[in-house]
Amino acid sequence: MQYTNNLISLIKRFWILIILSAFTAVTVAACNPANFRSSATQVPQLVTSILSDPKTFNYPLSSESPNVFGLIYEGLITENYDTGEVEPALAESWEISDDKLKIVFTLRDGLKWSDGQPLTVDDVVFTYNDIYFNEAIPTDIRDIMRVGESRKLPTVRKVDNRRVEFAVPEPFAPFLRSSTGAAILPAHALRESIQTKDAEGKPTFLQKWGVDTPPDQIVVNGLYKLERYDTSERVVFRRNPYYWRKSPKGEAQPYIERLVWQIVESTDTALLQFRSGGLDSIGVTPDYFSLLKVQEKQGNFKIYNGGPAAGTTFIVFNLNKGRRNGKPLVDPIKSRWFNTLEFRQAVAYAIDRQTMINNTYRGLGQTQNSPISVQSPYYLSPEEGLKVYDYNSEKAKQLLLKAGFKYNTQNQLLDSEGNRVRFTLLTNAGNKIREAIGSQITQDLSRIGIQVDFTPLAWNTYTDKLANTLDWDVSMLGLTGGLEPNDGANVWNPEGGLHMFNQKPQAGQKPIEGWEVAPWEAKIGQLYIQAARELDETKRKAIYAETQKITQENLPFIYLVNPYSLSAVRDRFEGIRFSALGGAFWNLYEIKMVE
């Protein structure tokens with residue numbers, strides 16, 4: 001679900017967690033971008049907003065949104081969100097071997113980093129071999145590039161000064177498209193931090209380029225470079241003078257000189273700033289749509305509707321049966337509930353998603369049933385056999401009774417041992433849509449006797465529970481989407497970094513004893529491997545159809561609503577090609593400002 005600035009969609013990373021945070025309230029005047037406009041040199045600039053500060057300026061270590069990397073970095077190739085086709089970026093061309101086991105990329109001539117240093121094949125080899133494929137670096141990118149049961153990584157070698165070869169041990173269907181989400185990083189700026197170890201024997205790279213790093217020290221290759229970062233106020237980007245793109249007439253791109261991400265404490269504040277002219281674009285949530293729609297002409301802006309958004313929103317039960325230091329991660333009583341299939345299915349039937357669409361989303365959305373984006377050619381629709389859980393509280397109760405639960409005289413749900421069924425549902429504080437959804441889920445589940453303690457948490461506390469301590473009951477969050485399902489391999493591989501419903505500890509985390517993988521869980525992981533090696537598109541689609549059937553039968557995630565992708569953009573921007581996959585500014589390099 002896209003609650004953040006659509007600029008973030010410039011980077012194609014299916015596996016990015018969409019978890020937004022809100023910060024301590026400050027006055028609208030203090031946040032008003034007009035204050036920055038008046039004090040800054042008047043150059044063409046685009047001003048938008050984000051809800052929270054960036055967490056890092058170190059690309060491989062990032063797994064959150066908002067992040068800056070779609071603006072400041074680029075990979076060998078990219079995706080066109082109009083056509084869905086792969087297009088050249090840093091690589092001007094590529095050749096795939098007849099046996100489909102090798103790709104040779106040819107870099108553009110004369111590429112440079114933002115500090116003026118040459119960008120070469122050596123940077124590509126360094127990025128993959130020394131960073132992405134380095135087990136000492138905890139990066140999600142590695143997961144989506146593992147091949148087959150062996151989980152081997154591609155080999156990367158320099159062919160000559162402009163060509164680099166990637167080779168895989170067996171056919172790997174996502175081979176080319178997986179490269180679109182991997183930025184190339186500067187060897188001359190980062191190699192020493194990879195080779196140097198700290199007192200614990202870890203690469204000092206893990207402390208490199210945090211948010212306290214002076215922006216001028218961060219070397220990039222994208223459309224923009226970091227110019228300024230004021231904590232809890234703004235992030236400012238300046239056009240990268242060494243960026244490679246030129247217009248058909250030979251003009252340097254991008255055309256817009258400066259971008260400003262204003263950091264605000266809530267979507268309400270962002271709305272006020274947009275309506276007052278302080279912001280140039282805003283993601284339109286359903287509760288704002290009617291208000292803004294009638295102001296389009298007067299406010300000199302247009303609301304773009306890209307149809308169903310590419311991402312997912314869901315609730316997830318913590319199915320982890322493991323222990324740390326002898327203590328269960330999840331209360332054993334609750335764990336028995338969560339790991340009972342009928343219980344998860346009952347919860348799915350008890351959530352009234354159509355009412356959620358009508359009330360919270362104002363009719364601007366549709367029910368969601370699949371982890372794969374509706375735009376993907378591998379999406380399986382309900383009409384094609386995907387199981388759905390339309391609201392049916394009576395069916396929910398029947399499933400619970402079948403599983404051995406029972407009701408007391410107050411219509412409260414008890415398990416077979418007489419324990420009251422009650423759990424905590426977490427989400428990130430400050431997101432009005434999610435808070436409204438959480439409130440409705442609390443009411444819906446109370447109708448089948450379940451007490452839900454809905455608890456929005458501050459950003460740091462929430463992410464620590466999800467990714468580190470793992471001591472949570474149920475969470476509501478989301479994932480971004482895309483065309484290639486394998487970009488979500490680290491969600492479905494039981495050992496993947498985003499296998500959040502049964503998370504294995506990641507590098508540097510405390511071990512877990514008694515971690516188990518369910519047969520259906522292992523099956524999904526195996527099918528993702530099988531689909532990745534299948535080159536026949538018809539067969540590949542059938543494999544992904546089976547994965548979707550298994551996920552909907554076993555419900556590791558209970559999918560909720562797919563809202564429409566909506567953004568309001570000022571009329572002074574020319575060249576907008578709005579897409580649910582990429583948002584309003586996926587083609588930012590060719591967008592111009594007109595008066």
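This is a predicted model: local features need pLDDT of at least 70, side-chain atom pairs count only at pLDDT 80 or more; totals for chains, interfaces and linings use all residues.
**Pocket.** I started with who lines the second largest pocket: α6 (175–178) and α19 each supply at least two residues. α6 gives the most, with three residues. Helices here are DSSP runs of H or I, at least four residues, numbered from the N terminus. A pocket is an open set of points on a 1 Å grid over the protein atoms alone, where a 1.4 Å probe fits, with protein on both sides within 12 Å along at least five of seven lines; lining residues have an atom within 4 Å of a point.

Residues are numbered from 1 along each chain as its sequence is written, and side-chain values use heavy atoms, leaving out hydrogens and water.

I got a volume of about 380 Å³ for the second largest pocket, counted as the space filled by probe spheres set on the points, which are joined across faces, edges and corners. Its lining has 17 residues, and F172, A173, P174, F175 and L176 lie nearest the centre.

**Helix α18.** Next I checked the length of α18 (residues 519–533): 15 residues at 1.5 Å a residue should span 21 Å, and the end C-alpha atoms are 21 Å apart, which agrees. The expected span is 1.5 Å times one less than the number of residues.

Buried residues (under 20% relative accessible area, 1.4 Å probe, protein chains only) in α18 include W520, I524 and Y528. The buried residues of α18 pack against α12 (341–350), α17 (489–492) and α19 (537–554), contact being heavy atoms within 4.5 Å.

**Helix α12.** I found eight of the 10 residues of α12 buried, among them F343, R344 and Y349.

Notes: Buried means under 20% relative accessible area, exposed over 50%, partly exposed in between (1.4 Å probe, protein chains only).
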